[in-house]
Amino acid sequence: MSLSDIIVLNVGGTRFETTRATLVSQPDSMLAKMFDPDSPLVPAKPKDDAYFLDRDPETFSLILSFLRSGEIFVDSKMVLNKLSHEAKFYQLQGLEAKIQEIEAKNVSGQDILNKLSQIVTKIDALEENRVSVLEQRKLMTEFREWMQEDLKNFQYLVRIADDIFTSRRRI
(Lines give C-alpha, C1' and ligand atoms only; values in the text may rest on other atoms or scores of the structure.)
Protein backbone atom coordinates (compact mmCIF):
# COMPACT_ATOMS: atom_id res chain seq x y z
CA MET A 1 0.00 0.00 0.00
CA SER A 2 1.28 3.39 -1.05
CA LEU A 3 0.15 6.98 -0.58
CA SER A 4 -0.11 7.27 -4.36
CA ASP A 5 -2.68 4.43 -4.53
CA ILE A 6 -5.94 5.42 -6.21
CA ILE A 7 -8.87 4.86 -3.86
CA VAL A 8 -12.37 4.52 -5.29
CA LEU A 9 -15.24 5.55 -3.04
CA ASN A 10 -18.97 5.19 -3.51
CA VAL A 11 -20.47 7.98 -1.42
CA GLY A 12 -24.25 7.83 -1.36
CA GLY A 13 -24.29 6.31 -4.84
CA THR A 14 -21.77 8.70 -6.40
CA ARG A 15 -18.34 7.42 -7.39
CA PHE A 16 -15.24 9.36 -6.33
CA GLU A 17 -11.62 8.63 -7.15
CA THR A 18 -8.78 10.11 -5.16
CA THR A 19 -5.39 9.18 -3.82
CA ARG A 20 -4.69 7.63 -0.46
CA ALA A 21 -2.50 10.71 0.24
CA THR A 22 -5.56 12.97 -0.07
CA LEU A 23 -7.62 10.82 2.30
CA VAL A 24 -4.89 10.75 4.96
CA SER A 25 -3.92 14.43 4.64
CA GLN A 26 -5.74 15.25 7.91
CA PRO A 27 -4.08 12.64 10.16
CA ASP A 28 -6.60 12.73 13.03
CA SER A 29 -9.64 12.36 10.78
CA MET A 30 -11.81 9.30 10.38
CA LEU A 31 -10.83 9.12 6.70
CA ALA A 32 -7.14 9.06 7.59
CA LYS A 33 -7.73 6.33 10.14
CA MET A 34 -9.69 4.31 7.59
CA PHE A 35 -7.17 4.59 4.76
CA ASP A 36 -3.80 4.93 6.48
CA PRO A 37 -1.94 1.67 5.80
CA ASP A 38 -0.61 1.68 9.39
CA SER A 39 -4.01 2.25 11.05
CA PRO A 40 -5.86 -0.55 12.83
CA LEU A 41 -9.18 0.92 11.64
CA VAL A 42 -9.80 -0.30 8.12
CA PRO A 43 -12.82 0.35 5.91
CA ALA A 44 -15.20 -2.42 4.93
CA LYS A 45 -14.14 -4.47 1.97
CA PRO A 46 -14.87 -2.74 -1.31
CA LYS A 47 -17.86 -3.75 -3.36
CA ASP A 48 -17.34 -3.41 -7.10
CA ASP A 49 -13.88 -1.97 -6.39
CA ALA A 50 -15.31 0.93 -4.35
CA TYR A 51 -15.52 1.57 -0.62
CA PHE A 52 -19.08 2.51 0.27
CA LEU A 53 -19.79 5.48 2.56
CA ASP A 54 -23.45 6.14 3.30
CA ARG A 55 -23.11 9.92 3.29
CA ASP A 56 -24.13 12.93 1.18
CA PRO A 57 -22.12 12.96 -2.08
CA GLU A 58 -22.47 16.71 -2.74
CA THR A 59 -20.98 17.57 0.63
CA PHE A 60 -18.32 14.88 0.25
CA SER A 61 -17.21 16.55 -2.97
CA LEU A 62 -16.52 19.74 -0.96
CA ILE A 63 -14.63 17.68 1.62
CA LEU A 64 -12.39 16.18 -1.05
CA SER A 65 -11.75 19.65 -2.45
CA PHE A 66 -10.73 20.82 1.01
CA LEU A 67 -8.44 17.82 1.51
CA ARG A 68 -6.80 18.55 -1.83
CA SER A 69 -6.42 22.32 -1.54
CA GLY A 70 -6.98 23.36 2.06
CA GLU A 71 -9.71 25.74 0.86
CA ILE A 72 -13.49 25.59 0.80
CA PHE A 73 -15.82 27.25 -1.65
CA VAL A 74 -19.48 27.43 -0.66
CA ASP A 75 -22.21 29.70 -1.90
CA SER A 76 -24.76 29.52 0.88
CA LYS A 77 -25.15 29.31 4.63
CA MET A 78 -27.12 26.06 4.24
CA VAL A 79 -24.24 24.36 2.38
CA LEU A 80 -21.80 25.66 5.00
CA ASN A 81 -23.99 24.17 7.75
CA LYS A 82 -24.13 20.81 5.97
CA LEU A 83 -20.37 20.91 5.49
CA SER A 84 -19.89 21.68 9.19
CA HIS A 85 -22.02 18.67 10.11
CA GLU A 86 -20.01 16.37 7.84
CA ALA A 87 -16.70 17.81 9.07
CA LYS A 88 -17.70 16.79 12.59
CA PHE A 89 -18.74 13.33 11.39
CA TYR A 90 -15.41 12.77 9.62
CA GLN A 91 -13.48 14.41 12.50
CA LEU A 92 -11.86 16.89 10.12
CA GLN A 93 -10.57 19.44 12.60
CA GLY A 94 -8.83 21.52 9.92
CA LEU A 95 -12.08 21.83 7.99
CA GLU A 96 -14.02 22.68 11.15
CA ALA A 97 -11.53 25.46 11.89
CA LYS A 98 -11.83 26.81 8.32
CA ILE A 99 -15.63 26.83 8.60
CA GLN A 100 -15.45 28.69 11.92
CA GLU A 101 -13.12 31.23 10.31
CA ILE A 102 -15.62 31.80 7.49
CA GLU A 103 -18.55 32.06 9.90
CA ALA A 104 -16.66 34.62 11.98
CA LYS A 105 -16.17 36.76 8.87
CA ASN A 106 -19.77 36.49 7.69
CA VAL A 107 -22.02 39.38 8.48
CA SER A 108 -25.76 38.91 8.60
CA GLY A 109 -28.16 40.54 6.19
CA GLN A 110 -29.45 42.62 9.09
CA ASP A 111 -25.92 43.94 9.71
CA ILE A 112 -25.75 44.98 6.07
CA LEU A 113 -29.09 46.76 6.22
CA ASN A 114 -28.07 48.50 9.45
CA LYS A 115 -24.84 49.76 7.87
CA LEU A 116 -26.68 50.89 4.75
CA SER A 117 -29.25 52.67 6.91
CA GLN A 118 -26.47 54.47 8.81
CA ILE A 119 -24.93 55.66 5.54
CA VAL A 120 -28.28 56.83 4.15
CA THR A 121 -29.00 58.67 7.42
CA LYS A 122 -25.63 60.44 7.18
CA ILE A 123 -26.36 61.42 3.58
CA ASP A 124 -29.77 62.76 4.56
CA ALA A 125 -28.09 64.90 7.23
CA LEU A 126 -25.51 66.11 4.72
CA GLU A 127 -28.21 67.05 2.20
CA GLU A 128 -30.11 69.03 4.84
CA ASN A 129 -26.94 71.03 5.43
CA ARG A 130 -26.29 71.33 1.70
CA VAL A 131 -22.95 69.56 1.98
CA SER A 132 -21.21 68.78 -1.26
CA VAL A 133 -21.53 65.76 -3.46
CA LEU A 134 -17.87 65.17 -2.60
CA GLU A 135 -18.85 64.43 1.02
CA GLN A 136 -21.56 62.07 -0.21
CA ARG A 137 -18.98 60.29 -2.36
CA LYS A 138 -16.71 59.90 0.68
CA LEU A 139 -19.53 58.13 2.52
CA MET A 140 -20.16 55.90 -0.46
CA THR A 141 -16.47 55.02 -0.56
CA GLU A 142 -16.56 54.22 3.15
CA PHE A 143 -19.52 51.92 2.55
CA ARG A 144 -17.82 50.22 -0.41
CA GLU A 145 -14.67 49.57 1.63
CA TRP A 146 -16.75 48.08 4.42
CA MET A 147 -18.58 45.84 1.96
CA GLN A 148 -15.40 44.65 0.28
CA GLU A 149 -13.79 43.67 3.56
CA ASP A 150 -16.34 41.07 4.60
CA LEU A 151 -19.18 40.90 2.14
CA LYS A 152 -17.98 40.00 -1.32
CA ASN A 153 -21.20 38.06 -1.91
CA PHE A 154 -23.30 41.20 -1.31
CA GLN A 155 -21.88 43.50 -3.97
CA TYR A 156 -25.35 44.08 -5.35
CA LEU A 157 -26.07 46.20 -2.27
CA VAL A 158 -23.40 48.60 -3.42
CA ARG A 159 -25.34 49.03 -6.67
CA ILE A 160 -28.51 49.67 -4.66
CA ALA A 161 -26.71 52.28 -2.58
CA ASP A 162 -25.36 53.89 -5.75
CA ASP A 163 -28.90 54.06 -7.11
CA ILE A 164 -30.08 55.71 -3.88
CA PHE A 165 -27.32 58.31 -4.04
CA THR A 166 -27.87 58.95 -7.74
CA SER A 167 -31.62 59.40 -7.33
CA ARG A 168 -31.14 61.76 -4.35
CA ARG A 169 -28.71 63.94 -6.31
CA ARG A 170 -31.28 64.35 -9.09
CA ILE A 171 -33.89 65.80 -6.71
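Student: In which helix is Lys98 found, and is Lys98 buried or exposed?
Tutor: Lys98 is found in helix H5, where helices (H or I, at least four residues) and strands (E, at least two) are DSSP runs numbered from the N terminus. Buried means under 20% relative accessible area, exposed over 50% and partly exposed in between, with a 1.4 Å probe and protein chains only. Because the relative accessible area of Lys98 is 18%, this residue of H5 counts as buried.

Student: What should I keep in mind about the model and its numbering?
Tutor: This is a predicted model, in which local features need pLDDT of at least 70 and side-chain atom pairs count only at pLDDT 80 or more, while totals for chains, interfaces and linings use all residues. Residues are numbered from 1 along each chain as its sequence is written, and side-chain values use heavy atoms, with hydrogens and water left out.

Student: Which residues is Lys98 in contact with, leaving aside neighbours within four places in sequence?
Tutor: Contact means heavy atoms within 4.5 Å. With the neighbours within four places in sequence left aside, the partners of Lys98 are Phe66, Gly70, Glu71 and Ile72.

Student: Is Glu86 buried or exposed, and which residues does Glu86 touch, not counting those up to four places away in sequence?
Tutor: Glu86 lies in helix H4, and its relative accessibility of 6% is why Glu86 counts as buried. Not counting residues up to four places away in sequence, Glu86 touches Arg55, Asp56, Thr59 and Ile63.

Student: At what angle do H3 and H4 pack?
Tutor: The meeting residues are Thr59, Leu62 and Ile63 in H3 and Val79, Lys82, Leu83 and Glu86 in H4. Axes are lines fitted to C-alpha atoms, for helices over the stretch in contact, and angles run from 0 to 180 degrees between N-to-C directions. Angles under 35 degrees count as roughly parallel, over 145 as roughly antiparallel, 65 to 115 as roughly perpendicular and the rest as oblique, so H3 and H4 are roughly perpendicular to each other. Their axes are 10 Å apart, and the packing angle is about 75°.

Student: In what order do the three strands form the sheet?
Tutor: Two strands pair if DSSP finds at least two bridges between them, and six bridges join strand E1 (residues 6–11) to E2, the two running antiparallel. The sheet is open, its pairing is mixed, and the order is E2-E1-E3. Strand E2 (14–19) and strand E3 (51–53) are the edge strands, each pairing on one side only, and the twist from one strand to the next averages 30°.
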